[in-house]
Amino acid sequence: MTNLVTATNLSVKRGQNILLHEIDLQVRAGEIVTIVGPNGAGKSTLLRTLIGATSFNGTLQLKPGLTIGYVPQKLHLEPSLPLSVRRFLNLPIRQKQKDIHNALEAANATSLIRQQLRDLSGGEFQRVLLARALINKPELLILDEATQGLDHLGADSFYRQIEVVRQTLGCAILMVSHELHVVMAASDRVICLNGHICCEGTPDFVASNPAYQELFGLDSSSALALYRHHHDHNHDHSHSHSHSHIHSHEHEQEHIRNHGHEHSHDHQHPMDSQS
Amino acid sequence: MIAMLDDFFIRAVLAGIGVAIIAAPLGCFVIWRRMAYFGDATAHASILGVALALSFSTSVFLGALIIALMMAISISVLSGRGYAMDTLLGVMSHSALAVGLVVASLLTGLRIDLMAYLFGDILAVGKDDLFIIICGAAIIAAFIYWRWSALLVSTLNSDLAAAAGVNAKREQLLLNIALAVIVAMAIKIVGILLIAAMLIIPAATVRLFSHTPEQMAIFAAGVGIVSVIGGMNASYQLDLPAGPAIICVAASLFIISNLMRLMTDMHSAR
């Protein structure tokens with residue numbers, strides 16, 4: 001498979017501080033890679049390096065002609081700047097009407113085109129940012145804690161939208177996420193970052209890795225149990241979505257939910273009690 | 001037409017309009033990027049330029065421009081390296097102001113009319129001043145037209161800009177330079193103390209009525225032009241200082257626009 005991104009021995013310094021050191025990273029076409037790590041681990045810095053927003057040492061090879069879509073962390077909007085969604089998507093380069101339309105549709109944000117950015121809710125604005133990232137039909141979509149500031153429902157629906165996008169565009173996704181249940185369920189590969197890469201591999205492998213467990217202070221069973229549980233569920237119920245069931249596993253007591261006609265993805269439970 | 005320029009009043013109005021037109025879009029960026037203090041600090045620092053220009057008997061515009069550019073460039077280079085921008089501005093502008101005042105006090109041979117530089121001396125705009133202002137305005141207008149989209153996207157977010165291939169740091173530097181130029185140009189018009197007002201008040205006045213960034217810039221230019229003409233007329237008829245009169249008109253327009261907005265809001269709420 002082709003590598004979209006190959007970083008070798010990548011380091012980033014700011015003043016005296018070493019934010020990232022000796023990072024080796026590959027992203028292959030079509031895969032979902034998630035970066036997890038504590039605050040200040042350099043997750044955002046790594047993504048910003050890939051889009052060319054930070055200087056670095058080492059080598060960074062991008063596939064020639066690689067198109068990247070970037071969705072930043074929830075960004076502060078200056079309320080005094082009047083800007084419609086349409087205008088925002090046309091900045092800094094005027095785009096084809098058709099591309100804008102397709103991108104908005106892919107991000108489920110078509111109805112927002114005439115709105116002013118400052119009037120959008122958090123979830124709507126994230127969808128607009130996603131649309132913006134999709135305009136040039138990226139081969140690699142980079143998401144930096146894209147659901148920060150959204151509630152669980154909003155985050156869930158955002159990630160579902162991402163899944164749809166990946167299926168239609170076939171792009172690779174590199175994302176930072178704090179929502180471990182999403183990470184564990186949806187990633188091909190997880191990279192555990194804390195200034196350097198502590199461990200990486202399949203979600204299973206990382207979750208059971210001592211370096212990961214130490215970083216997150218999880219008792220080893222919970223994240224994995226959650227993942228497994230979710231996985232089992234998928235298999236158990238994949239042919240019976242429509243019945244109603246109530247979970248009452250030990251670590252989801254606060255989150256007993258009644259699933260009606262929802263898809264099995266909704267079995268994931270928010271991890272806020274653990275994290 | 002050229003003979004008209006012999007009239008000091010016409011020259012003053014034209015110079016004022018030239019500055020107002022380019023102050024409008026730059027003022028919008030000042031508001032959007034929350035750099036209100038930048039205009040003020042750069043203007044204060046340019047006192048040093050004025051004092052140095054007088055002591056070397058060169059053009060005041062040139063002296064002010066050089067100091068303002070030095071401020072703008074060093075702020076851009078130094079910011080993000082351990083000091084917040086307003087800290088750097090505070091240190092540099094007040095140091096430059098203090099040195100400027102000391103230099104001015106050493107100029108015993110000359111009696112400097114400091115008031116003229118603090119509050120502007122628009123009625124004393126000569127043909128060469130007018131020429132400088134018109135050329136400067138044209139250059140800055142062309143610059144803004146050229147960089148408009150890139151400046152807008154870097155104003156929104158530097159990472160989004162980077163993802164779109166725009167270097168936000170460079171755009172910031174270019175904007176700072178443009179602001180330094182307008183500060184140097186506006187000293188003659190409204191004076192050092194009121195330059196920031198010339199940048200901010202017109203843009204703030206039209207903020208609530210604008211739906212696009214372009215609209216805001218154009219409306220602000222309109223408010224600026226009305227303020228210059230109104231202020232100049234008030235100054236002529238009531239014998240008021242021209243620079244402050246211009247800003248007073250702009251401030252009145254700001255108040256009126258907010259009252260209008262308040263009334264329409266109340267009306268629609270009912």
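Trainee: How many residues line the largest pocket, and which of them lie nearest its centre?

Mentor: Please bear in mind from the outset that this is a predicted model. The lining of the largest pocket consists of 40 residues. Those that lie nearest the centre are B:Ser79, B:Ser158, B:Ala168, B:Lys169 and B:Gln172. Both chains take part in this lining: strand 1 (3-14) of chain A gives two or more residues, and so do helix 2 (36-55), helix 3 (60-78), helix 4 (85-106), helix 6 (127-156), helix 7 (158-163) and helix 8 (168-186) of chain B. The space in this pocket amounts to about 1200 Å³. Sorted by class, the residues of its lining are 17 nonpolar, 13 polar and ten charged. As to how such a space is found, rolling a probe the size of a water molecule over the atoms shows where empty space is left.

Helix 6 of chain B gives the most, with eight residues. By class, the lining of the second largest pocket divides into 13 nonpolar residues, one polar and three charged.

Chain B has eleven helices and zero strands. Of its 270 residues, 52% are buried. One of its members, B:Ile218, is found in helix 10 of chain B. B:Ile218 counts as exposed because its relative accessible area is 60%, and exposed means over 50%.

Chain A supplies buried examples for contrast. A:Tyr70 belongs to strand 5 (residues 68-71) of chain A. With a relative accessible area of 4%, A:Tyr70 is buried, because the cut-off for buried is under 20%. A:Tyr70 and A:Met175 are 105 residues apart in sequence, and their C-alpha atoms are 9.8 Å apart in space. A:Val190, in strand 8 (residues 189-193) of chain A, is also buried, at 0% relative accessibility. Its C-alpha atom is separated by 5.9 Å from that of A:Thr202, twelve residues away along the chain.

Most residues other than glycine have a negative phi, and most peptide bonds are trans. A:Leu91 and A:Pro92, however, are joined by a cis peptide bond with omega about -10 degrees. A:Pro92 sits in the loop between helix 2 (85-89) and helix 3 (97-106) of chain A. A:Glu22, within strand 2 (residues 17-28) of chain A, has a positive phi near 50 degrees. A:Glu22 is exposed, at a relative accessible area of 55%. A:Lys137 likewise has a positive phi, near 45 degrees, and lies in the loop between helix 4 (122-134) and strand 6 (140-144) of chain A. At 48% relative accessibility, A:Lys137 counts as partly exposed.

Conventions: Residues numbered from 1 in each chain as written. Chains lettered and ligands numbered in written order. Predicted model: local features only at pLDDT ≥ 70, side-chain atom pairs only at ≥ 80, totals over all residues. Heavy atoms only, no water. 1 Å grid on protein atoms, 1.4 Å probe; cavity = no way out; pocket = protein on both sides within 12 Å on 5 of 7 lines; lining within 4 Å. Points joined across faces, edges and corners; volume = space filled by probe spheres on them. Helix = DSSP H or I, 4+ residues; strand = E, 2+ residues; numbered from the N terminus. Nonpolar A, V, L, I, M, F, W, Y, C, P; charged D, E, K, R; others polar. Buried < 20%, exposed > 50% of the residue type's maximum accessible area, 1.4 Å probe, protein only.
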